[in-house]
Amino acid sequence: MVTIKDIALALGISHSTVSRALNNSDRVQSKTREMILAKAKEMNYIPNAAARDMKKSQLPIIGVISLNMGRSSYGSEMLGSISQKAKKNGYQLIFIHIEDSSPSETDFNLLREKRVSGLLYISLDPCSIDYHPIFDEIKTVFVNCNCGDNNRYTAVRANNEKGLYDIANLVFKQPGFRRSMFINFDEHYSAAVKRKQGYIKALNDNNITFFSDDYLTVPISYDFDFSTLDCDIQRAIERGVNVIFCGRDEIALEVYFTLHRLGFTIPDDVSVIGFDNQSIISQRVYPKLTTVELPYEKMALTGFNLLISDEQSTVKDIIINCDLIIR
């Protein structure tokens with residue numbers, strides 16, 4: 001069977017250009033479209049039946065690429081929600097799971113061979129995904145991630161900036177607050193940048209000075225030795241810090257351990273605030289962790305619903321707010 005890839009190869013042009021032409025996109029020049037249509041007719045190209053079903057919101061098969069989802073209970077919860085939703089609506093799923101890497105060309109070819117009508121690209125950690133031509137061949141929705149700086153694809157993300165702003169603004173207005181510290185994760189992740197921006201905005205709105213000594217970043221790595229931060233946290237408390245914000249609940253957990261090593265008590269000496277609301281951490285530490293809930297399940301289901309909707313040509317950037325979990 002002749003595919004879009006075969007037509008592109010015969011003409012020496014990209015898959016995405018052929019796909020746009022065959023779908024009557026106005027982004028393809030008329031001369032190029034005529035050339036592609038002529039070649040498709042010459043090669044007896046037959047449109048993908050699944051793609052026609054997409055226009056009727058009938059998706060027999062959906063591809064799901066999951067990135068690093070095995071690192072947290074939230075990962076399995078997100079995938080479970082998608083599976084239940086797909087089963088309830090009569091759709092089949094093909095899962096491709098990857099860790100700290102990108103899907104291989106073999107993975108993408110599998111999706112093509114299975115004639116998937118839609119692709120859900122979902123990440124546990126907010127990040128930027130490298131472009132691949134299949135994103136133009138198949139309707140693609142990104143969840144908790146985005147395709148580089150490209151705004152041509154629908155994405156569902158959390159409002160990380162507002163989440164950190166809301167919790168920090170609440171803390172800064174409490175009696176007894178003196179000074180805060182923020183231990184964030186690697187700023188190569190867009191969510192880390194957004195959370196820092198929310199923190200600084202809350203400082204500014206409350207006329208509080210941002211001190212660079214009170215801001216640290218740590219890598220997202222299970223190998224990182226948090227005891228190396230003992231001296232930084234000790235000095236921060238000595239200069240008046242009595243609230244430590246953490247960019248992730250995993251960081252907050254390590255801060256709990258650090259404060260215990262240093263002989264400080266939570267919350268009498270210092271309070272700790274997390275972000276994500278990973279129940280395996282936030283509800284099992286003592287005292288229970290005040291945090292910001294990242295709407296994992298809501299993002300996953302919103303992405304799925306957008307994928308199977310009739311609005312194929314409408315690109316959306318859906319931002320979902322985060323709830324404060326006060327404990």
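Select Cys127: the residue is buried, with a relative accessible area of 13% (buried is under 20% relative accessible area, exposed over 50%, partly exposed in between, with a 1.4 Å probe and protein chains only). This is a predicted model, in which local features need pLDDT of at least 70 and side-chain atom pairs count only at pLDDT 80 or more, while totals for chains, interfaces and linings use all residues. Residues are numbered from 1 along each chain as its sequence is written, and side-chain values use heavy atoms, leaving out hydrogens and water.

The structure holds 0 disulfides (a disulfide is a pair of cysteine sulfur atoms within 2.5 Å).

Now show the open sheet of 6 strands, ordered 2-1-3-4-5-11 with parallel pairing. Strands (E, at least two residues) and helices (H or I, at least four) are DSSP runs numbered from the N terminus, and two strands pair if DSSP finds at least two bridges between them. Strand 2 (92–98) and strand 11 (317–320) are the edges: each has a single partner strand, so one side of each lacks a neighbour in the sheet.

Select strand 1 (residues 61–67) and strand 3 (residues 118–128), a parallel pair with 6 bridges. Within this pair, Ile65 has Tyr121 of strand 3 as its bridge partner. Finally, select helix 5 (residues 73–88), which packs on the sheet and touches strand 1, strand 2, strand 3 and strand 4 (139–146) (contact means heavy atoms within 4.5 Å).

How values were computed. Axes are lines fitted to C-alpha atoms, for helices over the stretch in contact, and angles run from 0 to 180 degrees between N-to-C directions.
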